[in-house]
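Have the structure open while you read.

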Amino acid sequence: MNKVCVIGLGYIGLPTATMFALSGKDVVGVDVNKKVVETLNRGEVHIEEPGLGESFKKMVNEKKIVASTTPEEADVFIIAVPTPNKDDQYKSCDLKYVESATQSILPYIKKGDVVIVESTIAPTTTDEVVKPIIEGEGFKVGQDIFLAHCPERVLPGKIMEELVENNRIVGGVTEKCTEEAAKIYEVFVKGEILKTTSKTAEMSKLMENTFRDVNIALANELTKICNKLDINSLDVVRLANKHPRVNIHTPGPGVGGHCLAVDPYFIIEKAPELAKIIALSRETNNSMPEYVVSKVEKMLPKKDSKVSVFGITYKGNTDDLRESPALEIVEILKEKGYNVVLHDPHVKDTELNLIDRKEAVVDSDMILILADHNEFKDIDYKELTKEMNTPLIFDTKAILKDEDFEGSNIIFKNLGNISDDELQYFTSKLVAADRN
Ligand code: SAJ
């Protein structure tokens, strides 16, 4: 194996292409976006990922990697294109990019080549969708062409490191396909290479993220039940997790990002009558933004109150806004008439009108924490809340503690202490204060 052709130069394809070049292979990276190809051929990268830029530039200078809008003949073809949700009933896996990427390599593949799909796909897609496209060209998969699904499982921010260190699932359409694909990853993977079938590989990848989604849903459901029964759910999570075999996840304002909020639907679409817990978990996690807003409404019955949102990303310490439940909460609050201002030290977007922390809290009625950025953990809230109309903090990410506010005039709420009883008492006090 000397030459690798990578289709799709995004968050996964570009680091993967760079990794093969660093390992001494000749690489051609293909992307439909001409601008991206031009940028890359100048030695610059269009995505932010630690360690990627320098390595890529070096490989371009050494002519080990080149970007192009069309594929070239190679020994290995790697497909790393997006697979979004479709707009249909099940939010099923949209394979249009995987299909067109496969079509695009047909004129360039030859006997003995290996084709690998890294994109996240619904179970059985490699067998039922990709294989027929290749065989339609007269090749026999398993004899002429070796086809496998090798899902990516790396964490943005640590991709260059995790591509090498993580264990890698390699699932071939036939045993020979698995063996041939495994050899490709042995070039740079230091983790274990886990050999299996393509459909087992597809399902394993999806279940990793589904496992997490279902567990978060359980925590979110627990919170709703506890708030009805006047029990602190965060205390329940903390105490139950003292058991050696229990790991209840953390309740929050919802589940975002490009994986947990997307992948479970690819399982549901294949067996909707059976995927009950998975579907219900999606529903539960999707209900959290409305739930958070309903609690804000109880705390701030006056619909023109000012709400200062701290953190709009889908999780802490990232600038990633994809599927962010925080943005959904902001939208619903605005629709209801609240005066919502946004503060997020990680996001650069100017269209969102982000403002700094101090400005955000002036005359505010609530600080609403929606992302667990480290910056929010060490703020002197006693000082900050002085500028507020009501010194009320609602922390939906459980980053602050009740003890932090003992003896202060700050009213501190989190998902654990907003039971129906608590809030009834709380609002009656607020209304009384307003009458005076
Ligand atoms: N969240 C909670 N409660 C928790 C944990 C997370 O509400 O206890 C929320 C987060 O705030 C966020 C969402 O869930 O909105 C997802 O965050 P995450 O950190 O669980 O996951 P991702 O999407 O950033 O990354 C996941 C990872 N998968 C697993 O941990 C099984 C990562 O390893 C994968 O590489 C990535 O998906 C992927 O590409 O599949």
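1. A pocket here is an open set of points on a 1 Å grid over the protein atoms alone, with protein on both sides within 12 Å along at least five of seven lines, and lining residues have an atom within 4 Å of a point. Points are joined across faces, edges and corners, and a volume is the space filled by probe spheres set on them.

2. Before going on, some ground rules. This is a predicted model, where local features need pLDDT of at least 70 and side-chain atom pairs count only at pLDDT 80 or more, while totals for chains, interfaces and linings use all residues. Residues are numbered from 1 along each chain as its sequence is written, and side-chain values use heavy atoms, with hydrogens and water left out.

3. What classes of residue line the second largest pocket? There are five nonpolar, five polar and eight charged residues. The classes are simple: Ala, Val, Leu, Ile, Met, Phe, Trp, Tyr, Cys and Pro are nonpolar, Asp, Glu, Lys and Arg are charged, and the others, Gly among them, are polar.

4. Now the largest pocket, with about 1400 Å³ of space. Of its 46 lining residues, Pro156, His258, Cys259, Leu260 and Tyr314 are the closest to the centre. Helices H6 (159-165), H8 (198-229) and H10 (263-268) are the elements giving two or more residues to the lining. H8 has the largest share, five residues. (Helices are DSSP runs of H or I with at least four residues, strands are E runs of at least two, and both are numbered from the N terminus.) By class, the lining splits into 17 nonpolar, 15 polar and 14 charged residues.

5. Where is the ligand? It sits in the largest pocket, meaning that more than half of its atoms lie within 2 Å of the pocket's grid points. There are 19 residues around the ligand, and Lys205, Asn209, Arg212, Thr250 and Tyr314 come nearest; a residue counts if one of its heavy atoms lies within 4 Å. That shell has seven nonpolar, five polar and seven charged residues.

6. Have a look at the polar contacts (pairs of N or O atoms within 3.5 Å). Arg212 places a polar side-chain atom 2.4 Å from a ligand oxygen. For Lys205, a side-chain N or O atom is 2.8 Å from an oxygen atom of the ligand. Thr250 uses its backbone instead, with a polar atom 2.8 Å from a ligand nitrogen. The protein covers 83% of the 780 Å² of accessible area that the ligand has on its own (Shrake-Rupley method, 1.4 Å probe).

7. The structure has three cavities of 30 Å³ or more, a cavity being a set of points where a 1.4 Å probe fits but cannot get out.

8. Helix H1 (13-22) and strand S3 (65-68) each supply at least two lining residues, and S3 gives the most, with three.

Note on methods. Polar contact = N/O pair within 3.5 Å; in protein donor to acceptor, adjacent residues only side chain to side chain.
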